[in-house]
Amino acid sequence: MKQIMRMSRLYAPTLKEDPSDADIVSHRLLLRAGMIRKTASGVYTFLPLGKRVLMKIEQIVRDEMDAIGAQEVLMPALQPAELWHESGRWNDYGPELMRLQDRHEHGFCLGPTHEELITDLVRNELRSYKQLPMTLYQIQSKFRDEIRPRFGLLRSREFIMKDAYSFHTDRESLQQTYDEMSEAYGRICTRLGLVYRPVQADPGQIGGSVTCEYHALAESGEAELVTCECGYAANSEIAECIPHPEEYPQDELKKITTPGVHTIEDLAQHLSCKANQLVKAMVGIDAEGTPIALFVPGDHELNEIKVERTFPGFTLMTDEQLRDLGLPKGSIGCVGLPKGVRVGADRSLQDVAHWAVGANEDGYHYLGAQCGRDFEVDVWADLCTACAGDSCPDCGAPLEVARGIEVGQVFQLGDKYSKTMGATYSDAQGVEHPFQMGCYGIGISRALAAIVEQHNDENGIKWPFAVAPAHICILPLSVGDDTVQPAAERLAKELSELGIEVVIDDRKERPGVKFAEADLMGWPMQIVVGKRGLSNGVYEVKNRLTGEKNDVTFAQYKEALAFAHRATKPARTFFDQAKTFVESQD
Ligand code: 9G3
């Protein structure tokens, strides 16, 4: 029998108004529903209802981790600095790493992640290939001193993460766990009620070669994704870009006067053509100080990560550097560039025979500039950020742009940590090798907010059943009435005997307040017990997720109850018989 929750006792201080400093819906609703409270910038307290949801999310994650053989541990948040010196990361991170000293002035940090800690644990315990593969995980608070905490739980300075780490003898074993973990992440997102996309991502600072992010789609998401109906999805930071530039109809090289034209928009207006018929130039300097002119379709942006990969150290020139080179900002082109300037161009421009581009003379542009005849390109590369309408690299269909909240990520770390920290196992011949490792995170508190971002309406939160703080809210309307209250209490008791989680709004509040708060808190179902309904022999049942309302007669209710009891009867018989058997043995 589950404990019946009573609104008259529940500590859930709701707010009538939207808090001023909450600028996304999940932050607003979690505060208004009395589920979280801000303790400091980026630091939150979970109140009873918020804590109940957190525990349900954690339990679903635990279920799925245990199902693939991962074992739960609990590591300390307080991490000795020595480990971070060993891995060489103590100085990699700036003030984001929360460092402190103990009373003996020994250095520590509050753990933002636990690669160092778990590698140290394992290098002393896991010594033989016979013990591999091994996956350990924890659900624990993490600390990252974000420079601008915002969006409530989405970017906080203390948050709850499930982080798992796997240890292997070789890459194929790592790949197998990585794949199992990826499938488990899909099941977790689905069970949490999240609309999500696995997204190919940029390994970034991790240095592992393979990584994938799990994004919950939401307009408030910080990540920009490109997605396709075929299932392809990638972080737009690194997604392969296949634009469709078109030619401006002009074959011979022709210089035109373009007074006051300095941007692609100006030029498109001047030529009454589309931006993708024009070529945009950006000039910079690479690590060796070589000037480089880059050309991309007029309707695309240069992608810094891709440019860095092709021209290491590339930084855009300042206005005076451009002037020193004699290049007029806003009408730079590929014809007549000063000697020594290297030319790079987005590979999609290979299919554009004649370019409309700056003439390297202020107030002039060229039409019909032909590669090979009027200019040369040294390097063709994928230099642009993919955007809506570009071709999907997998199936060719037009890409769409979406925004995502990164709720999970899986990494293949290889031997990045095991090598630097001397974490080795001995193989069948007794030879020592560094472990292959993987690491896998899910933002538990962030997932809670992501669920609200995807499940809400103008009245409040709409919790999916699997994570709702309770399943059914019973709303007696006239509490004083001597028939309504007992009927509501009986309903609560009968439903909770089925294992249903029930909350009863037993407060002496007006019906309007009860309805509004039930909608705000997002209980998936509401059952109204009112004087009129009782005299008509019905309960009014409302499905919060669909808005559907039905009058359920007492007979229908009794039948549903009996059915539910029968449905759970086999389990009950088993335990009753087991109990009787055990007692008979005494
Ligand atoms: C730091 C600080 C911030 C950090 C890190 C280290 C992110 C850091 C990446 C990861 C990788 C995976 C295991 C679970 C899944 C994610 N922000 N990362 O390493 F010192 Cl201040 O955390 N870790």
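Tutor: For the classes used below, Ala, Val, Leu, Ile, Met, Phe, Trp, Tyr, Cys and Pro count as nonpolar, Asp, Glu, Lys and Arg as charged, and the others, Gly among them, as polar. The model is a predicted one.

The open spaces come next. The largest pocket has a volume of about 1,300 Å³. It is lined by 50 residues, of which Arg144, Arg155, Glu406, Gln409 and Arg446 are the closest to its centre. Two or more lining residues come from each of β9, β11 (210-217), β12 (223-227), β22, β25 and α10 (444-454). Strand β22 gives the largest share, six residues. The lining of this pocket divides into 21 nonpolar, 15 polar and 14 charged residues.

The ligand takes up the space of this largest pocket. The elements that contribute two or more residues to the shell around the ligand are β9 (158-168), β22 (400-414) and β25 (436-443). The ligand has 18 residues around it, and Trp84, Arg89, Thr113, Glu115 and Arg144 come nearest. The shell comprises ten nonpolar, three polar and five charged residues.

An N or O atom in the side chain of Arg89 is 2.9 Å from an oxygen atom of the ligand. A polar side-chain atom of Thr113 is 2.8 Å from a ligand nitrogen atom, and an N or O atom in the side chain of Glu115 is 2.7 Å from a nitrogen atom of the ligand. On its own the ligand has 500 Å² of accessible area, and the protein covers 92% of it.

The second largest pocket holds about 460 Å³ of space. Of its 20 lining residues, His262, Lys280, Ala281, Met282 and Gly330 are the closest to its centre. Helix α6 (264-270) and strand β15 (279-285) each supply at least two residues of the lining, and β15 has the largest share, five residues. By class, this lining has eleven nonpolar, six polar and three charged residues.

Definitions and conventions:
Residues are numbered from 1 along each chain as its sequence is written. This is a predicted model: local features need pLDDT of at least 70, side-chain atom pairs count only at pLDDT 80 or more; totals for chains, interfaces and linings use all residues. Side-chain values use heavy atoms; hydrogens and water are left out. A residue is near a molecule or strand if one of its heavy atoms lies within 4 Å of it. A polar contact is a pair of N or O atoms within 3.5 Å; within protein, one must be able to donate a hydrogen and the other to accept it, and residues adjacent in sequence count only if both atoms are side-chain atoms. Accessible areas come from the Shrake-Rupley method with a 1.4 Å probe; for residues, only the protein chains shown count as cover. On a 1 Å grid over the protein atoms alone, a cavity is a set of points where a 1.4 Å probe fits but cannot get out, and a pocket is an open set with protein on both sides within 12 Å along at least five of seven lines; lining residues have an atom within 4 Å of a point. A molecule sits in a cavity or pocket if more than half of its atoms lie within 2 Å of its grid points. Helices (H or I, at least four residues) and strands (E, at least two) are DSSP runs, numbered from the N terminus. Grid points are joined across faces, edges and corners, and a volume is the space filled by probe spheres set on the points.
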